[in-house]
Amino acid sequence: MTKYVVIQGLQFGSEAKGSIAGLVAHKWQPDTVVCANHPNAGHTFIGNGQKFVHRCLSIGAAFPWVKNVLIGPGAVVDIDALLTELKGIAPAPGLTRRLIVHPNASIVTKDHREAEKRLLSIGSTMKGSMEAVVHKMRREDLHNNLMKSYWPELGSTLIDAGAKAGFNLVCDSLTYDAIVSASEKIMVEGAQGYSL
């Protein structure tokens, strides 16, 4: 049996990755979905009369049989976008699912967005993703812009939002690794276009 399905765009973006991810999640029914998205344009899926546009979560998070939703260490997370996406997911009756954010995922801040707007010579959505990645790579400050640094401040807000959507939300690398090892079917949803 196949354990992994990887969806990756091979053009410049807008190749309908969200629609394909939704179709695969519906037909293959993975128990775990993982992404390392940056909060740019987002992936769109329309199913059961509802439209989902996800910039942080995998499209598979919208399906109630997906037990584990992982946000990987290479992700750049926009907290407001994540909270909005969680509000759009209805809890599965009688089922608590897990949302695990890797502690090394980056957080995009207002400063990152402002810094990108000054770089008009780059091709960018101006959402601050590139600047957040550069900030992480520089390691110039003690706390950096990693989720684990923001967790004491943001954790309770994210945990509450996750609970309303039916998720037990944690920020822990050991739990993340354990779920990857124990999962039977993992759908990896790639971000951006390969040719960018």
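**Exercise 1.** Determine which residues of α2 meet which residues of α5, and describe the packing of the two helices.

*Solution.* Ile79, Leu82, Leu83 and Leu86 in α2 meet Met147, Leu154, Thr157, Leu158, Ala161 and Gly162 in α5 (contact: heavy atoms within 4.5 Å). These residues divide into 8 nonpolar, 2 polar and no charged. The model is predicted: local features need pLDDT of at least 70, side-chain atom pairs count only at pLDDT 80 or more, and totals for chains, interfaces and linings use all residues. Residues are numbered from 1 along each chain as its sequence is written, and side-chain values use heavy atoms, with hydrogens and water left out.

Next, the geometry. Helix α2 spans residues 79-87 and helix α5 residues 147-164; they pack at an angle of about 20 degrees, with axes 11 Å apart. Angles under 35 degrees count as roughly parallel, so α2 and α5 are roughly parallel to each other. Their crossing is right-handed (the near helix is turned clockwise from the far one by less than a right angle).

**Exercise 2.** Locate Ser106 and list what Ser106 touches.

*Solution.* Ser106 is in strand β8, residues 106-107 (strands are DSSP runs of E, at least two residues). Its relative accessible area is 1%, so Ser106 is buried. Leaving aside residues up to four places away in sequence, Ser106 touches Ala75, Val76, Val77, Ala132, Lys136, Asn145 and Leu146.

Terms used. Helices (H or I, at least four residues) and strands (E, at least two) are DSSP runs, numbered from the N terminus. Buried means under 20% relative accessible area, exposed over 50%, partly exposed in between (1.4 Å probe, protein chains only). Axes are lines fitted to C-alpha atoms, for helices over the stretch in contact, and angles run from 0 to 180 degrees between N-to-C directions. Angles under 35 degrees count as roughly parallel, over 145 as roughly antiparallel, 65 to 115 as roughly perpendicular and the rest as oblique. Ala, Val, Leu, Ile, Met, Phe, Trp, Tyr, Cys and Pro count as nonpolar, Asp, Glu, Lys and Arg as charged, and the others, Gly among them, as polar.
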